[in-house]
Amino acid sequence: MATVTTSAGPARAPRRSRTFGGGGPLVYGLAAVVVALTLGPVLYGALGGFRTNEQLARDPAGLPDPWVFSNYQGVLTNDAFWRYAVNSTVVAVVTTVVAVLFGVMAAYPLARYQFRLREPLFLVFVLGLLFPAAVAIIPLFILVTRDLGLGNTWWGVALPQAAFALPMTVVILRPFLMAIPRELEEAALIDGASRVGVFWRIALPLSAPGMITVGVLAFVASWNAYLLPLLLLRDEMRTLPLGVADYSTEHSADTAGVLAFTTIAMIPALVLFLALQKRIVSGLQGAVKG
Amino acid sequence: MAQTGAVAPAAPAAAEPVARRAVSRRATGHPAGSGGWRKRLEILLFVTPALALMAVFVVWPVVAAVRMSFFRWKGFGPMDDFVGWNNYALVLKDQVFTDAVMHNFVIVVLSLLVQLPLGLAIALLLNRKIRMRGLLRTIVFVPYVVAEVIAGVVWFQLLQPGYGVVDGLVSAVGLTPPEQGFLGTPSLTLWTLFVVLTWKYLGMAILLFLAGLQGVPDELYEAAQIDGASWWQAQRRIAIPLLGPTMRTWAFLSMIGSLQLFDLVWVLTGGGPANATTTMATYLVNQGTARSNYGIAGAASVVLFVVAFVMAVLYQIFVLRRDTTEAR
């Protein structure tokens with residue numbers, strides 16, 4: 001609980017007193033190596049998209065010379081790409097909304113109510129972390145396609161994904177809800193608000209930082225998901241990861257086109273994650289130590 | 001997401017006057033009238049949607065996998081050909097599966113042996129007061145956000161035999177790259193896969209360790225410095241021991257992740273060449289979809305779950321337990 005509040009401001013760290021000062025050339029050298037290894041493959045993809053296949057074949061590691069924009073243009077004017085992007089977006093948004101809403105609702109009584117089954121109930125969610133989606137994937141495929149008739153639909157992918165995101169959501173959100181000062185809720189109750197009203201008007205808004213953390217995690221997990229969409233979605237309904245994988249096998253000769261396609265496909269998750277990086281770090285910290 | 005964002009700014013303003021009143025009325029006693037029925041109904045209302053969703057899409061499929069594992073079933077008609085433990089016998093005798101289990105364990109062990117020290121070293125490095133530290137931290141985390149599929153497709157290009165960038169680099173250092181390429185030589189593929197996995201997931205370790213390092217009070221470093229300790233001594237005697245719980249938590253997450261490995265393998269090698277990189281997950285998906293051996297897939301699922309569960313429980317008992325007891 002305490003960690004959530006202390007970790008909320010990593011920005012505080014740089015203003016420390018000068019202990020064990022900066023780095024010599026060795027430290028910067030090592031950092032440069034780490035950066036090169038980390039960014040190398042991503043930059044290769046991004047820059048490769050600006051080259052022609054002929055350039056790529058001549059010198060795989062070279063820079064674009066001249067820069068060509070036709071690969072990216074080709075992807076952005078490709079109807080299939082936009083269809084995949086829409087599918088990915090809708091599935092990710094539905095997954096996120098369901099996981100966060102149901103998750104915060106479940107976490108609330110686990111944080112605030114006193115009842116006998118509270119800890120066992122929490123344990124159910126903790127255990128849920130141990131159920132890898134892979135274990136249930138084949139029956140899940142049968143359930144969604146045959147029993148529910150949701151095969152090849154947005155809901156058919158989003159609902160199972162939300163269900164598998166719920167354990168993590170609840171485990172991260174509970175400490176956030178516990179950290180909300182009890183006095184606020186008690187005061188509202190005295191003033192005649194119902195418990196549900198307290199949840200809606202006080203607990204929900206005040207746990208927004210935690211909800212953003214789990215929301216981004218759920219969104220990015222859905223955006224990047226492959227296994228479940230692979231089994232459930234076909235043709236027009238495919239999401240971007242499926243599109244990327246299929247495109248790269250169908251157009252294996254067009255390396256530059258594949259690289260442009262992959263680069264554009266990774267941008268949304270990257271932007272979202274980097275924009276909210278601090279929030280997510282503090283949320284994860286709270287879950288790890290909380 | 002959009003909802004929460006919209007509600008958030010209004011919250012503190014609305015909550016504040018309420019808080020002040022709370023202090024004055026505190027004396028009146030506990031206000032939350034714990035009327036039994038009402039309370040129970042509220043708890044049910046809050047918890048039911050989540051539990052129902054998990055029951056349908058997590059618990060039921062897992063139960064169905066267990067049931068399926070006792071039948072020979074090709075995916076159509078009634079599931080009535082009960083074969084007892086036969087599927088388990090088939091799976092455990094299938095060398096492709098036992099190799100797959102082996103591959104999963106190799107990845108688990110290699111991750112702990114390589115990624116832990118490497119992640120720790122980079123975290124300690126980035127925890128120093130160097131210029132552009134914030135930017136460096138962000139960069140290190142980039143691969144983690146990239147989808148496994150996308151990482152797989154890009155690395156597949158990098159690892160192409162002959163004209164790929166990796167082969168080029170290897171030749172530039174004066175070594176000879178393998179003729180079939182790093183993904184086509186059975187003895188090398190698993191190691192190659194591990195390198196790509198490390199690239200992809202090291203950022204998570206670094207992120208968690210950095211978060212743990214920020215929890216180390218600055219006073220401890222100052223005291224150590226006054227006592228004449230070197231940077232390395234301070235890390236070894238202060239920072240690393242205090243990181244214990246964080247490292248153990250990371251190890252747990254890494255272990256569970258390694259056991260479920262699928263996406264990257266599927267894109268990069270498809271389990272090949274010659275089954276050199278199959279994992280339990282690729283095995284069961286292959287059996288369930290390509291071959292319609294649902295019973296076998298079910299048995300493999302159950303084995304995967306049991307392995308993950310037993311490892312998690314053992315880890316909880318022997319390793320994580322220390323943290324909870326120490327904390328008290």
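Figure 1. Pockets and cavities are found on a 1 Å grid over the protein atoms alone: a pocket is an open set of points with protein on both sides within 12 Å along at least five of seven lines, a cavity is a set where a 1.4 Å probe fits but cannot get out, and lining residues have an atom within 4 Å of a point. Grid points are joined across faces, edges and corners, and a volume is the space filled by probe spheres set on the points. This is a predicted model, in which local features need pLDDT of at least 70 and side-chain atom pairs count only at pLDDT 80 or more, while totals for chains, interfaces and linings use all residues. Residues are numbered from 1 along each chain as its sequence is written, chains are lettered from A and ligands numbered from 1 in the order in which they are written, and side-chain values use heavy atoms, with hydrogens and water left out.

**Figure 2. The helices around the second largest pocket.** From chain A, helix H2 (25-48) supplies at least two lining residues, as do helices H5 (95-126), H6 (133-145), H7 (148-158), H8 (165-172) and H9 (186-214) of chain B. Helices (H or I, at least four residues) and strands (E, at least two) are DSSP runs, numbered from the N terminus. H2(A) gives the most to this lining, with 13 residues. By class, the lining has 34 nonpolar, 7 polar and 2 charged residues; here Ala, Val, Leu, Ile, Met, Phe, Trp, Tyr, Cys and Pro count as nonpolar, Asp, Glu, Lys and Arg as charged, and the others, Gly among them, as polar.

Figure 3. H2 of chain A and H7 of chain B are the elements giving two or more residues, and H7(B) has the largest share, with 4 residues. The lining has 9 nonpolar residues, with no polar and no charged ones. In the whole model, the count is 4 cavities of 30 Å³ or more.

**Figure 4. Where chain A meets chain B.** Here 110 residues of chain A are in contact (heavy atoms within 4.5 Å) with 103 residues of chain B. Together the chains bury about 9700 Å², 78% of it on carbon and sulfur atoms; buried area is the accessible area (1.4 Å probe) that two parts lose on being put together, summed over both. On the side of chain A that touches chain B, helix H7 (residues 133-147) of chain A gives the most, with 14 residues. That side divides into 84 nonpolar, 17 polar and 9 charged residues. Between the two chains the count is 0 salt bridges.

**Figure 5. A salt bridge in helix H3 of chain A.** A:Arg58 forms a salt bridge (a side-chain nitrogen of Lys or Arg within 4 Å of a carboxyl oxygen of Asp or Glu) with A:Glu54, and their closest N and O atoms are 3.2 Å apart. The two residues are separated by about one helical turn, because they are 4 residues apart in helix H3 (residues 53-58). Over all chains, the structure holds 9 salt bridges.

**Figure 6. Two loops to look at.** A cis peptide bond, with omega about -5°, joins A:Asp65 and A:Pro66. A:Pro66 lies in the loop between H3 and helix H4 (70-76) of chain A. In chain B, B:Asn275 has a phi near 60°, a positive value in a residue other than glycine. B:Asn275 is found in the loop between helix H13 (263-268) and helix H14 (280-290).
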